[in-house]
Amino acid sequence: VKVCFLLLVTMSAALAGPKEDLRDADNSYLYADYPRVLKKLVPLIEPDLKLSLPADIARAYELSGLSAFYLKDEDSAARYFEKLIRLRPDFRLDPVKVPPPAVAFFDGLRDKLADEIKRIQVALAKLAAEEKERERLKNQVRIQRDLKINSRLTAMLPFGVGQFQNGNRTMGQVFLSGQVLSATSSVV
């Protein structure tokens, strides 16, 4: 029975994906189990990102930074917070949920990276404007109308010349034939 239980626990842990690890880390953070938070999240964000959604990545950086800060590892906290700031330049820690020393530490990093944040925000604004313009052009309907103005003088010429000018060959041939027959019968 113990072997089956251990096998089941091992299999469920192996099947847990990045999303489940993030959820587990979030729960561990709520219970102030900061070493477990880092144990779950660091493999998801270093050396390669294993999370795909930007919101999940931002949450992982936030939890990792806060956990490292609470464990007095300010170098790691700064590293995670800087990645978070670069990912989401407008991000702010919630002062209602996060103690003032952590908020002050985070805001100090934001101040240190102010120039870089401005460059990122300008680049993001430019990308957003380009995307908006692409979307506008994609949804734009273009109607092309070719307007051809024919000569009224040519329309008055005999033998169906006006019909040929309009591009109606059948009517032009009918008029041409009829007028040739009329002219021929008149001459005879």
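Biologist: What span should helix α2 have at 1.5 Å a residue?

Modeller: Helices here are DSSP runs (H or I, at least four residues), numbered from the N terminus. The expected span is 1.5 Å times one less than the number of residues. Helix α2 covers residues 18–30, 13 residues, so it should span 18 Å. Its end C-alpha atoms are 18 Å apart, which agrees. This is a predicted model: local features need pLDDT of at least 70, side-chain atom pairs count only at pLDDT 80 or more, and totals for chains, interfaces and linings use all residues. Residues are numbered from 1 along each chain as its sequence is written, and side-chain values use heavy atoms, with hydrogens and water left out.

Biologist: Which residues of α2 are buried?

Modeller: Buried means under 20% relative accessible area, exposed over 50%, partly exposed in between (1.4 Å probe, protein chains only). In α2, Asp21, Leu22, Ala25, Ser28 and Tyr29 are buried. They cover an arc of only 125° around the axis, so they sit on the same side of α2. That arc is taken from the directions from the helix axis to the C-beta atoms.

Biologist: Why do residues three or four places apart point the same way?

Modeller: Because an α-helix has 3.6 residues a turn.

Biologist: What do the buried residues of α2 pack against?

Modeller: Contact means heavy atoms within 4.5 Å. The buried residues of α2 pack against α3 and α4. After α2 comes Ala32, with a positive phi near 60°.

Biologist: How many salt bridges does the structure hold?

Modeller: A salt bridge is a side-chain nitrogen of Lys or Arg within 4 Å of a carboxyl oxygen of Asp or Glu. The structure holds 15. In one of them, Asp24 pairs with Arg36, the closest N and O atoms being 2.6 Å apart. Asp24 is in helix α2 and Arg36 in helix α3, so the pair ties together parts 12 residues apart in sequence. Asp24 also bridges to Lys40 (3.4 Å, N to O). Asp21, Asp24, Arg36 and Lys40 are linked in a network of salt bridges.

Biologist: Is Arg36 buried or partly exposed?

Modeller: Arg36 is partly exposed, at 32% relative accessible area. Lys40 is partly exposed as well, at 23%.

Biologist: Which helices do the buried residues of α5 pack against?

Modeller: They pack against α3 (34–45), α4 (54–70), α6 (100–112) and α7 (114–139). Among the buried residues of α5 are Tyr80, Phe81 and Leu84. Arg79 meets Glu46 in a salt bridge (3.0 Å, N to O). Arg79 lies in α5 and Glu46 in the loop between α3 and α4, so the pair ties together parts 33 residues apart in sequence.

Note on methods
Helices (H or I, at least four residues) and strands (E, at least two) are DSSP runs, numbered from the N terminus.
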